[in-house]
Amino acid sequence: RTWWTSASPSAAGLLFRAQSHKHELYRSTHPDHLAWDRRWAMIRQEVAHLQPDVVCFQEVDHWSEVQSDMQQLGYEGHYAQRSGGRSDGCATLWRSSCFQSVALSAVNFSEFDMRDNVGLITLLMHKQQQPPISSQSSTGGSLPSHCVAVANTHTLFNPKRGDVKVGQLRLLIKHLQQLVSSTLGAAAADSVCCLVMGDMNHQPHTPMYNFMSQGWLDCLKQHRKDMAGQTIERNPLRVDFRRSRSLGGQLSFQQLQQQQLMQLRQQRGGAYHQQQQWPVQH
C-alpha cells in the first residue's frame, strides 16, 4: 500500500484517501464519485440540510478546507492527525451557537503500541443553559447536565485484528472518563452524557459490538479474527473475469457462471437444482 501525504510533491493535491484505496475497497465505484471536490460538496450539503449540533468526521486529510467551510455553516471544531506520517485524522465539530469547548484530549494509540490510529475527546458545555454560580462543581466546572463529552475515533481496519480494535476502544473510553473526572470532578464521571462516535470497523452483534453495548468482554474466549465480524467467506459463485480473459474470451459470462455452478453441485453431491437462484457478484 502506498501512502501519500498532503505535503508530498508527488501527491500534487490530487490523490486523496478514497482514491488511494479505490483498487482495494471501491472497485465497483465510478472514479468520479471518489473525487474529493464532489464528495465534500455533498457532505457539506448534507450537513447544511440536517443542521446537527455535533459532527464527527474520520479520514479527514483536508482539515483547513473542512474547517473554513464548516465555519461558514456556523461550526467550530478540533482536529487530531494520525501518527506515523499519516495525512489524515479525526475532526469533531459543534454548532458554535449551542456549545463551547471546555476541555480537549487527543489519544495517540501508537504511544500504547496500538497502531497509528487516533482518538479525539472533546468536552462541550451548552451555552443556553449556563448553570448559576451556586451549582458549580468543586473543581470549578459546570454540572454534568450542562455538558456533553464526545469521543471521536477511527479504529484499525484490519479485519483479523479485533483484539487491537477492542484495545483502542477501551483506551479511548478510559481517557474519556479521565477527562470528565479531571474537568468536572470524580462524581460527574458516571453521570455526564458521553457520546462515543466514529468509524469502528466492526459489524453489529459481534463481540466488539457487545463490548460497547454491555461494557465488558472476555477476550480469552474470543478469536481475534472473529471479534469484529468483518471476515466474510468468499462467495463460491463469484465470477472471476481474469480467468475468463485467460481463456481468450472463449467463455461468456453466462457460460462461466454455469460452469462454476456445476462444479459447486459436484462438490456438494448434486444436492442443488439448476433452477435455484444463486447470488452472483457482477
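**View 1. Arg161 forms a salt bridge with Asp163, the closest N and O atoms being 2.9 Å apart.** A salt bridge is a side-chain nitrogen of Lys or Arg within 4 Å of a carboxyl oxygen of Asp or Glu. Arg161 is buried, at a relative accessible area of 19%, whereas Asp163 is partly exposed, at 29%. Buried denotes under 20% relative accessible area, exposed over 50%, and partly exposed in between (1.4 Å probe, protein chains only). The model is predicted: local features need pLDDT of at least 70 and side-chain atom pairs count only at pLDDT 80 or more, while totals for chains, interfaces and linings use all residues. Residues are numbered from 1 along each chain as its sequence is written, and side-chain values use heavy atoms, with hydrogens and water left out.

**View 2. A salt bridge joins the side chains of Asp53 and Arg95 (3.9 Å, N to O).** This pair links distant parts of the chain, 42 residues apart. Asp53 lies in the loop between H3 and strand S1 (54-60), and Arg95 in strand S3 (residues 89-95). Helices (H or I, at least four residues) and strands (E, at least two) are DSSP runs, numbered from the N terminus. Asp53 has 38% relative accessibility and therefore counts as partly exposed; Arg95 is buried, with a relative accessible area of 15%. The structure holds 6 salt bridges.

**View 3. Asp88 and Arg82 meet through their side chains in a salt bridge (3.3 Å, N to O).** Asp88 has a relative accessible area of 2% and is therefore buried. Arg82 also counts as buried, at 16% relative accessibility.

**View 4. Asn152 is a buried residue of strand S6 (residues 147-154).** Its relative accessible area is 0%. The side chain of Asn152 makes a polar contact with the side chain of Thr92 (3.3 Å). A polar contact is a pair of N or O atoms within 3.5 Å; within protein, one must be able to donate a hydrogen and the other to accept it, and residues adjacent in sequence count only if both atoms are side-chain atoms. Not counting residues up to four places away in sequence, the residues that Asn152 touches include Cys56, Phe57, Cys90, Val118, Leu120 and Met197. Contact means heavy atoms within 4.5 Å.

**View 5. The largest nonpolar core comprises 17 residues.** A nonpolar core is a set of buried Ala, Val, Leu, Ile, Met, Phe, Trp, Tyr and Cys residues joined through side-chain atoms within 4.5 Å. Ile121, Leu123, Cys147, Val180 and Leu184 touch the most other members. Two or more residues each come from strand S4 (99-108), strand S5 (118-126), S6 and helix H5 (162-184). H5 gives the largest share, 6 residues. Beyond four places in sequence, Leu123 touches residues including Val102, Ala103, Cys147, Leu179 and Leu184. A second, separate core of 12 residues includes Trp36, Trp40, Val66 and Leu93.

**View 6. Asp69 is found in helix H4 (residues 63-72).** At 16% relative accessibility, this residue counts as buried. Leaving aside neighbours within four places in sequence, Asp69 is in contact with Trp40 and Arg44.
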